[in-house]
Amino acid sequence: MLAIPGAVDDVVTELASIIRVDNPQLDLRLISLTDGGADLAKEFSSIAAERVARGLPAELDGEPRPRAAVVVPLITGSHPRVMRSVRDAVAESEAPVTVTDPLGPHPFLAEALHVRLSERGLARADRIRLFNVTSPVDGIIVATVGGDESARAADATAVLLAARLALPVVPAAFDGRPTVADAAERLRNIGASRIALAPYVIGPEVDPDKIAAAAVDCMGCASPLGAHEAVARMVTVRYGAILGNLLEDYEEFEEFPEGE
């Protein structure tokens, strides 16, 4: 089950299609959190009713109940409001539900940020390993949503991206501090003058106008991660970490084709 911090839009639908193609055994349900988690709580109640209808016991003589659902929050990192909505819905549920960690930080997502930057001409990459050759920018801002805590958590992804690009990369928040303007000033203070913005978001969790407004402080802005293959893979990674029975083995890092 994907908990969406926004509307179930075209990006989410495309992402779900990728996940279903690669993992047809999954009963993947898309639930929006725009109502604060009420729809998620209703879905949990529906799952509990389905279990009763199938004759599954509520308790197993003191034994742990079989897991009814695994919820994957569709966020790239720490997001207190989203996680609180999900956990409140779980607490109200009678069904045994497990909530995974956010999708990031992870090298998959750092590579996806690199690809998004290269698509806009803000980072150069070779065809095989996507390593930086020369760059049209000399500083990158990785910006997320979820407030100050989310910006601090994004620092790990900034480090991963900096290692790929051999450039200074700093975190920021679209809705907290440091702001994108704060991060741009920090980069200028260390000598960067050509600064690019890399939205560390999937899409539904942030207003595109907020990204556009923040990008005014930069020479260019990459697209959000969207339905990149890395995001789909991280959903199954988080799910697999709970169940441990996915068909695909994601331990071995596979490179994504340039432009994905």
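Two strands pair if DSSP finds at least two bridges between them. Strands here are DSSP runs of E of at least two residues, and helices are runs of H or I of at least four, both numbered from the N terminus. By that rule β1 and β2 pair in the parallel sense, over three bridges. Leu 2 stands opposite Leu 30 in β2.

This is a predicted model, where local features need pLDDT of at least 70, side-chain atom pairs count only at pLDDT 80 or more, and totals for chains, interfaces and linings use all residues. Residues are numbered from 1 along each chain as its sequence is written, and side-chain values use heavy atoms, without hydrogens and water.

**Sheet**

The open sheet has four strands, ordered β2-β1-β3-β4, with parallel pairing. β2 and β4 each have a single partner strand, so one side of each is left without a neighbour in the sheet.

| Strand | Residues |
|---|---|
| β2, at an edge | 30–32 |
| β4, at an edge | 97–99 |

**Core**

A nonpolar core joins buried Ala, Val, Leu, Ile, Met, Phe, Trp, Tyr and Cys residues through side-chain atoms within 4.5 Å; buried means under 20% relative accessible area (1.4 Å probe, protein chains only). The largest such core has 43 residues, and Leu 74, Leu 103, Leu 117 and Ile 140 have the most contacts inside it. Helix α9 gives the most, seven residues. Contact means heavy atoms within 4.5 Å. Not counting residues up to four places away in sequence, Leu 103 touches residues including Val 72, Leu 109, Ile 202 and Met 234.

Note on methods: Buried means under 20% relative accessible area, exposed over 50%, partly exposed in between (1.4 Å probe, protein chains only).
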